[in-house]
Amino acid sequence: MRNLTEENLTDAVLGRLSDCGNPRIRQVTASLIRHLHAFIRDVEPTPQEWFAGIQFLTDTGKICDDKRQEYILFSDTIGVSMLVDAINNRKPIGATESSVLGPFYVEGAPERSSGADLAPGEGPGVLVSGMVTSTDGTPLPDAVLDIWQTAPNGLYHVQDSAAPEHHLCGKLHAGPDGRYSFRTLKPVSYPIPTDGPVGKFLEELGRHPYRPAHIHFIVSAPGFKPVITQLFTEGDEFIETDAVFGVKNSLVVNYLPDGEEWKMDFDFVLEPQH
Ligand code: BEZ
Ligand code: FE
């Protein structure tokens with residue numbers, strides 16, 4: 001096709017997809033082209049502005065390596081990660097809701113029995129306890145809770161060369177009655193990495209980079225859909241403005257005083273795998 005114009009260019013590009021043999025790739029690419037062309041028509045960027053966008057993506061790629069994934073951080077900060085999460089985790093009523101995995105999960109945390117202390121010798125601690133059940137209320141004694149969180153300095157053990165390996169992490173096995181408990185430290189709010197293009201982008205938007213305090217969990221049991229989630233601290237100053245939009249009401253918990261320490265209860269509910 002020749003003589004392409006502002007009016008017929010989109011259809012011409014879409015027309016070139018007709019030989020694509022993979023229907024899903026064809027569908028996704030067609031939608032991407034339609035939306036990108038609509039975006040350009042809406043914004044009418046100057047060549048300099050378009051190049052600034054290209055430069056942002058270039059810088060984002062350059063800072064990525066096997067430890068740093070700036071594209072995921074970008075997706076997190078514009079709510080896309082939570083939208084993908086929501087679409088893929090439509091839970092039945094009562095099942096524990098999901099939230100983003102985040103970049104600080106490391107497989108291979110030490111296996112621990114229920115009752116384990118993830119912060120021996122450190123305090124004041126929190127006794128976290130509850131039960132893991134099916135959506136029909138049946139306790140799940142084979143449940144495993146993979147747990148990770150920040151230390152009081154706001155860093156995950158993978159970010160902090162001074163921290164003991166797997167500090168404040170554990171793969172906790174529920175007890176025979178489906179109950180679990182562990183001792184840890186109260187998590188703190190912390191900024192997502194700001195030393196790359198996403199940090200500059202947030203600054204440009206006048207947005208802060210903080211996540212409200214939370215503990216991460218992957219809760220699984222044989223025959224059930226695992227849930228990747230987080231428990232957020234009620235009253236945290238960033239609870240309404242999480243930099244990555246991960247907070248859900250059902251995941252906000254209260255820490256109650258317990259002598260010199262704290263306690264917090266939460267029951268996880270898994271849906272059967274089908
Ligand atoms: C986290 O909670 O660990 C996290 C999630 C998304 C981006 C950065 C950090
Ligand atoms: Fe986190």
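Tutor: Helices and strands here are DSSP runs, numbered from the N terminus; a helix needs at least four residues and a strand at least two. Keep in mind that this is a predicted model.

Student: Fine. Where is P110, then?

Tutor: P110 sits in a loop, between α5 (80-88) and β1 (111-113).

Student: Is P110 buried, exposed or partly exposed?

Tutor: Its relative accessibility is 32%, so P110 counts as partly exposed. The cut-offs are under 20% for buried and over 50% for exposed.

Student: And how far is P110 from H167, C-alpha to C-alpha?

Tutor: Their C-alpha atoms are 10.0 Å apart. Along the chain, P110 and H167 are separated by 57 residues.

Student: Let's switch to L145. Which strand holds it?

Tutor: Strand β4, residues 144-149.

Student: Buried or exposed, that L145?

Tutor: Buried. L145 has a relative accessible area of 0%, and the cut-off for buried is under 20%.

Student: What separates L145 from I215?

Tutor: In sequence, 70 residues. Between the C-alpha atoms, 11 Å.

Student: Zoom out. How many helices and strands are there?

Tutor: The protein has six helices and 14 strands. Its C-alpha atoms fill a box of roughly 75 × 40 × 30 Å along the principal axes.

Student: What share of the residues is buried?

Tutor: 41% of the 274 residues count as buried.

Student: Now the ligand. Which residues surround ligand 1?

Tutor: The residues around ligand 1 are L73, D76, G102, P103, F104, Y156, Y190, I192, R211, H214, H216 and V244. By class, that shell divides into seven nonpolar, three polar and two charged residues.

Student: What polar side-chain atoms come up to its oxygens? Start with R211.

Tutor: A side-chain N or O atom of R211 is 2.5 Å from an oxygen atom of ligand 1. For H214, a polar side-chain atom lies 3.0 Å from a ligand oxygen. H216 also places a side-chain N or O atom 3.0 Å from an oxygen atom of ligand 1.

Student: And how much of ligand 1 does the protein bury?

Tutor: 100% of the 260 Å² that ligand 1 exposes when taken alone.

Student: What kind of space does ligand 1 take up?

Tutor: The largest cavity.

Student: Which elements give two or more residues to the shell?

Tutor: Those are α4 (70-77) and β9 (214-220).

Note on methods:
Residues numbered from 1 in each chain as written. Chains lettered and ligands numbered in written order. Predicted model: local features only at pLDDT ≥ 70, side-chain atom pairs only at ≥ 80, totals over all residues. Heavy atoms only, no water. Near = heavy atom within 4 Å. Polar contact = N/O pair within 3.5 Å; in protein donor to acceptor, adjacent residues only side chain to side chain. Areas by Shrake-Rupley, 256 points an atom, 1.4 Å probe, with all protein chains shown as cover. 1 Å grid on protein atoms, 1.4 Å probe; cavity = no way out; pocket = protein on both sides within 12 Å on 5 of 7 lines; lining within 4 Å. Sits in = over half its atoms within 2 Å of the grid points. Nonpolar A, V, L, I, M, F, W, Y, C, P; charged D, E, K, R; others polar. Buried < 20%, exposed > 50% of the residue type's maximum accessible area, 1.4 Å probe, protein only.
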